[in-house]
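Trainee: I would like to learn how to read salt bridges and a ligand site. Could you walk me through an example?

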Amino acid sequence: MKIAITGATGFIGTKLVEKLAKDNQIIILTRNVDKAKSVFSPAIYSNLEFINYTPKQEGIWQNKIDGCDAVINLAGAPIAERWSDSYKQEILDSRQLGTRIIVDAIAKSNQKPQVLINASAIGFYGTSETETYTEISPAGEDFLAQVCQAWEGEANKVTEIGIRLVILRFGIVLGNGGALAKMIPPFKIFAGGPIGGGKQWFSWIHRDDVVEMIIQSLKDNNIHGTFNATAPYPVTMNKLCETLGSILKRPSWLPVPSFALELLLGDGAKVVLEGQKVLPQKTTELMNYNFLYPNLESALKQIITTEF
Ligand SMILES: NC(=O)c1ccc[n+]([C@@H]2O[C@H](COP(=O)([O-])OP(=O)(O)OC[C@H]3O[C@@H](n4cnc5c(N)ncnc54)[C@H](OP(=O)(O)O)[C@@H]3O)[C@@H](O)[C@H]2O)c1
């Protein structure tokens, strides 16, 4: 397959490209080709094409979508930063306008891709300590919920031109990087313990499962619609810290103050401090996805022993 990917240089994208490049031709749409080249091993360069693109503006790069079999749209400004008004606008624009331009490129191409796989987030549902969210739950009202709705709204337009669309609402992705890499250091310093109140939900997924879910979505033409990319067994923050504590061999009774996490995750800490319980109902029933890591303990053990 010939596959164009935005956000290919990120935490999820790099793992995905490593796997896909084995038997596919990958077009990496990036804001900075030189930086992107440094992210991947030259051993896989022969199957990669690096293209400079402008995520919020039309350009000749859009022609590169023509003739692709699939497009995977992962790009977006990181949320683990301080959210000034202008940065909030960037969080939104990089996803809403970024997705609009990709859909526009698909619409303009003569030989259109068969599928668009678009990232979204469980931030779609808002936060709650008591609710359980599945794919049919309504959208929340906070800033991230609004961003996700705008992002998905743009992606949905691709169905109007007959293209198969798979939207994956990612939970907190665990691997060497992302939220976990930022949470482990304060956890170690403070001897480990609940972050924030402790009762908030932590809907996680192993990065390898995200990659496999994307690959299944690429291959199976029957998969379309919106799916929660979260493990079937979300945990509370207390449980996460107890499990991390036992794997890292640290006591897990001393609470990590919220400010420590806020220092590292900025306003993005809200996702971890308030939390939400999300279940992958359609993912297991309709996509028939079999999780490599359904349980937190096996996921964390694998990541900490092989990736950190
Ligand atoms: N990781 C998670 O736990 C998680 C959870 C829920 C949702 N998601 C979503 O899934 C997608 C991929 O996640 P990730 O963790 O791999 O993200 P990431 O590591 O932050 O990488 C995202 C990529 O997007 C591009 N990018 C960064 N800032 C941008 C901007 N201002 N405008 C346009 N593009 C920009 C960059 O690619 P170039 O520099 O090559 O252009 C970057 O490599 C993101 O949209 C993220 O919001 C992730």
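Trainee: Does Arg169 count as buried or exposed here, and at what relative accessibility?

Mentor: Keep in mind that this is a predicted model. Buried means under 20% relative accessible area. Arg169 has 4% relative accessibility, so this residue counts as buried.

Trainee: Which residue forms a salt bridge with Arg169?

Mentor: A salt bridge pairs a side-chain nitrogen of Lys or Arg with a carboxyl oxygen of Asp or Glu, within 4 Å. Here the partner is Glu152, with the closest N and O atoms 2.7 Å apart. The pair links distant parts of the chain, as Arg169 is in strand S7 and Glu152 in helix H4, 17 residues apart. Glu152 counts as buried too, at 5% relative accessibility.

Trainee: What does the salt bridge between Glu154 and Arg100 tie together?

Mentor: Their side chains meet at 2.9 Å, N to O. Glu154 lies in helix H4 and Arg100 in helix H3, so the pair ties together parts that are 54 residues apart in sequence. Glu154 is buried, at 5%, while Arg100 is partly exposed, at 38%.

Trainee: How many salt bridges does a search of the whole structure find?

Mentor: The search finds 16. Some are linked in a network, made up of Lys15, Arg207, Asp208 and Glu307.

Trainee: Now the ligand: how many residues surround it?

Mentor: There are 24, and Thr9, Ile12, Thr30, Glu90 and Arg95 are the closest. By class, the shell has 13 nonpolar, 8 polar and 3 charged residues. The protein covers 83% of the 880 Å² of accessible area that the ligand has on its own.

How values were computed: Residues are numbered from 1 along each chain as its sequence is written. This is a predicted model: local features need pLDDT of at least 70, side-chain atom pairs count only at pLDDT 80 or more; totals for chains, interfaces and linings use all residues. Side-chain values use heavy atoms; hydrogens and water are left out. A residue is near a molecule or strand if one of its heavy atoms lies within 4 Å of it. Accessible areas come from the Shrake-Rupley method with a 1.4 Å probe; for residues, only the protein chains shown count as cover. Ala, Val, Leu, Ile, Met, Phe, Trp, Tyr, Cys and Pro count as nonpolar, Asp, Glu, Lys and Arg as charged, and the others, Gly among them, as polar. Helices (H or I, at least four residues) and strands (E, at least two) are DSSP runs, numbered from the N terminus. Buried means under 20% relative accessible area, exposed over 50%, partly exposed in between (1.4 Å probe, protein chains only).
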